[in-house]
Protein chains: 2
Amino acid sequence: MKNRIKKQILQLLLEGKNSFYEILATQDAGIKEFWEILQELKDDKCIRIDKGKIILEEKKDKNYEILKSIKSSICKECNGTGYKLNDFFLEILKKYNNLTKNRPKAKAEYDQGFISPEGVIKRAAFIYERGDLWDNKIFIVGDDDLLSIALALTQLPKEIQVCDIDERIINFINEIAQKENLPIKAEILDVQDPLPKKFEKKFDIFVTDPVETIPGFTLFISRGVSSLKGVGGVGYFGLTTLEASRKKWYEIEERLLKMGFVITDIRRKFNIYPLVEVSFGAYEDKLPIYNLVKEKSDYNWYSSSFFRIEAVKEPEPLVKERMVIEEKVYKDEESLATPW
Amino acid sequence: MKNRIKKQILQLLLEGKNSFYEILATQDAGIKEFWEILQELKDDKCIRIDKGKIILEEKKDKNYEILKSIKSSICKECNGTGYKLNDFFLEILKKYNNLTKNRPKAKAEYDQGFISPEGVIKRAAFIYERGDLWDNKIFIVGDDDLLSIALALTQLPKEIQVCDIDERIINFINEIAQKENLPIKAEILDVQDPLPKKFEKKFDIFVTDPVETIPGFTLFISRGVSSLKGVGGVGYFGLTTLEASRKKWYEIEERLLKMGFVITDIRRKFNIYPLVEVSFGAYEDKLPIYNLVKEKSDYNWYSSSFFRIEAVKEPEPLVKERMVIEEKVYKDEESLATPW
């Protein structure tokens, strides 16, 4: 009868949750699909939506009593990530927070918004655990998360190269790198331009958080792929379920395989993007989703799955030349958390 | 200089671990690759291996002091799975343990060996969370884990169909189903035979733990795929890194996409196979790995990643007809934990 997203929503309502944003964050569909399913549930008189709350109307299915007794199984110690910062990484977190407290604020025009400091360090811990940190050359395509600083503070990477379009980010990272004597270089790069020769086939690892349209994703990942030395090269990136449907994921995965990569890890909701003023909280009312709910969020609802990919063949970027990011590269009909 | 598996091994040794089996379990390579890398490290006089222990010989890299201070970041509360059983599922675990205590022992001839009871229930919790349990028809291809009983105890699935080649498993499940009035049917099926018409396109979800050769994997998954109703159908399966290299994973992922599925989750080391007497502990000395180490294991080293796949197109099994499992379907040169 019901599709699984409906079931997830009903399960969460029966569990006792009612915040629109919390339920959005906890179910698996994109914002667009989620909103459409809510309308169906409303039309069926199953729920109503009122001031950012979803309220269950009909409560008669034979399984409802059981469903009410099932609470979340997400581990509270690690928020379901499976990782908890050990003393070494807690120390890195302290230094990172200290060094980045005057960081540039997120800019709507660059679609910025960054993951929590704990999330940044958890990425570092995961990359370390995989054997991908120590003695490696790392290329970061877009670094408003300031991951480069976290990675460099471990003293383990050989070299970190950051490219970003935002001069404020570049200057901020370079200043800290100089002051703290960290092996990071940062320079302005417009991802639309081909990767400069000096970065081609030079790195062991790349990290990026791509734009989530198919052409945008392909462009960002291609720049990372171009930077890798060869077979065994590794990429890390975030991908949401909120702005990328399963159909889009399918196309993305096809492209990853086509570029010569196996997907070794997909960790759902590994990184949270807190809605703080310094991040995309500053322009929340410019997001299309705000126009749907008409309420500011009461829950840190934006998160991404963390992917790890590894080249089993010679890595082959799908985009090598200049590629212009038009509106359709930057946004599609699923981009409901990307500012206009 | 070093590949990442070497780095992982050295990191673990510097952290203070020394059990061959624990280090095998914690790094990312297959048994074959792991063993080959150990030989290289031995030839480089970097380590020695003695009675199931790996001992670090050379300790002079400039980063060694840092590496010694980094302990595991795996969350101890949930063993890195991200999931902790809530009261509802703890109750299911109790009932499951009680009902299955006289379960048939693992048989070497069927390559049996099963995941821990906690792991079985965590699978159930994860399937529930995805909205894949409630009101669904579930098909299980091979059930020596007795997952069917755990799922049915939640009272949420509409119907569970188990197929297995082992008559003891079939009888055991049917007896419990009858005694406990659970909506499970179990019948003998040789996965080599085509899926009986009555199971074709009838189910919402399938679960299996395939043989880890490429043809074996394709065969098991194809039977599951054939059972699904259509787009939106979901599959769950375990896949190890121990007997399946990244190259094999790549081919497997290609085949999953070809069958119309997107990979939505890959949770590394989600399920542990405890080496107890009732499971494959009974025939440990028949595993090829034993011939390498020549020591019985002191650590529950066998684990698998948990995959979730979802059909975004009409699911299309790669194998439809009868396919005979010869030696090469059942084992390949990576199968070092499959009994001869």
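Tutor: Helices (H or I, at least four residues) and strands (E, at least two) are DSSP runs, numbered from the N terminus. Chain A has 12 helices and nine strands. This is a predicted model, where local features need pLDDT of at least 70 and side-chain atom pairs count only at pLDDT 80 or more, while totals for chains, interfaces and linings use all residues. Residues are numbered from 1 along each chain as its sequence is written, chains are lettered from A and ligands numbered from 1 in the order in which they are written, and side-chain values use heavy atoms, with hydrogens and water left out.

Student: Okay! What does the C-alpha trace of chain A span along its principal axes?
Tutor: About 65 × 40 × 35 Å. Its radius of gyration, taken over C-alpha atoms, is compared with a globule rule of 2.2 Å times the number of residues to the power 0.38. For 340 residues a compact globule would come near 20 Å, and chain A agrees, with 21 Å.

Student: And how much of chain A is buried?
Tutor: Of its 340 residues, 64% count as buried. Buried means under 20% relative accessible area, exposed over 50%, and partly exposed in between (1.4 Å probe, protein chains only).

Student: Switching topic: how many residues of chain A are in contact with chain B?
Tutor: There are 62 in chain A, and they touch 61 residues of chain B. Contact means heavy atoms within 4.5 Å.

Student: What area do the two chains bury between them?
Tutor: About 5,900 Å², with 55% of it on carbon and sulfur atoms. Buried area is the accessible area (1.4 Å probe) that two parts lose on being put together, summed over both. On the chain A side, Ser73(A), Trp134(A) and Tyr250(A) lose the most area to chain B, together 14% of what that side buries.

Student: How many salt bridges cross the interface of chain A and chain B?
Tutor: The rule finds eight. A salt bridge is a side-chain nitrogen of Lys or Arg within 4 Å of a carboxyl oxygen of Asp or Glu. Asp265(A) and Arg268(B) meet in a salt bridge, at 2.7 Å from N to O.

Student: Which elements of chain A touch chain B with two or more residues?
Tutor: Among them are α1 (4-15), α10 (246-258) and β8 (261-272) of chain A. β8(A) gives the most, with eight residues.

Student: Now, what does Arg268(A) pair with?
Tutor: Arg268(A) forms a salt bridge with Asp28(A), and the closest N and O atoms are 3.0 Å apart. The pair links distant parts of the chain: Asp28(A) lies in the loop between α2 (20-26) and α3 (31-43) of chain A, and Arg268(A) in strand β8 of chain A, 240 residues apart.

Student: Are those two buried or exposed?
Tutor: Both Asp28(A) and Arg268(A) are buried.

Student: What about Lys32(B) and Glu36(B)?
Tutor: Their side chains meet in a salt bridge too, at 3.4 Å from N to O. Lys32(B) and Glu36(B) are separated by about one helical turn because they are four residues apart in helix α3 (residues 31-43) of chain B. Lys32(B) counts as partly exposed at 32% relative accessibility, and Glu36(B) counts as partly exposed at 40%.

Student: Last one: how many salt bridges are there over all chains?
Tutor: By this rule the count comes to 62.
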